[in-house]
Amino acid sequence: MASAHGHAANRGVGASHHIRTLRADEVARYLGAVLIVVVGAIHAQQYYDAYFSFVPTIGTLFLLSFIGSGVVGATLIAPVRRLGRRVGDLILVLAAAGGIGIAAGSLVSLLISEYRPVFGFMESGYRLAVVLTIVFDSLATVFLGALVLLVARRYHGADG
């Protein structure tokens, strides 16, 4: 009887760990989705209101960032796990990787443009849009990276 109780307790600990991992996964997923949409919204605001639409190449990249961020955010929010756990996780990891590419690419480009021209454009100073971009690109990269790592850890743990 004691061993049955011990087995049940161990199962409970494993289930608790599994639930905690899923919660961390979901937190990273949904925060990452919100953050990447904010990244896109900042680029849209700069494209339309700050007239970056008139800056060759950079304007196009801002518009593509806005569109890509929307697609990534929608994918991360969509109930893709209804397609099956493995297929859903694959879709989420691919969307997260795309979001990381958008956010990290934007961040690196912005930081480089503070010191030298990128596609003929050079940023000067840390106006509000630049500061917000740095903050939200960084946070999006961190949370989407965490999502990828948590999903990978779950599958690595399942195989080992």
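**Reading the Surface and Cores of a Helical Chain**

Colleague: What is the accessible surface of the chain, and what percentage of it belongs to carbon and sulfur atoms?

Modeller: Accessible areas come from the Shrake-Rupley method with a 1.4 Å probe, and for residues only the protein chains shown count as cover. Here the accessible surface comes to about 9300 Å², and carbon and sulfur atoms hold 72% of that area. This is a predicted model, in which local features need pLDDT of at least 70 and side-chain atom pairs count only at pLDDT 80 or more, while totals for chains, interfaces and linings use all residues. Residues are numbered from 1 along each chain as its sequence is written, and side-chain values use heavy atoms, with hydrogens and water left out.

Colleague: How many helices and strands does the chain have?

Modeller: Helices (H or I, at least four residues) and strands (E, at least two) are DSSP runs, numbered from the N terminus. The chain has four helices and zero strands, which gives the pattern α-α-α-α along the sequence.

Colleague: What percentage of the residues is buried?

Modeller: Buried means under 20% relative accessible area, exposed over 50%, and partly exposed in between (1.4 Å probe, protein chains only). Of the 160 residues in the chain, 34% are buried.

Colleague: Which residues have the most contacts inside the largest nonpolar core?

Modeller: In soluble globular proteins, nonpolar side chains tend to be buried together. A nonpolar core is a set of buried Ala, Val, Leu, Ile, Met, Phe, Trp, Tyr and Cys residues joined through side-chain atoms within 4.5 Å. The largest such core here has 19 residues, and Ile-36, Leu-76, Ala-140 and Leu-147 have the most contacts inside it. Two or more of its residues come from each of α1 (2-48), α2 (58-77), α3 (85-113) and α4 (128-159). The largest share, six residues, is given by α4. Another core, of five residues, lies apart from it and includes Tyr-47, Phe-52, Ile-58 and Val-118.

Colleague: Is Asp-25 buried or exposed?

Modeller: Asp-25 counts as buried because its relative accessibility is 0%. This residue lies in helix α1. Not counting residues up to four places away in sequence, Asp-25 touches Arg-81, Leu-147, Leu-150, Val-151 and Arg-154.

Technical notes
Contact means heavy atoms within 4.5 Å.
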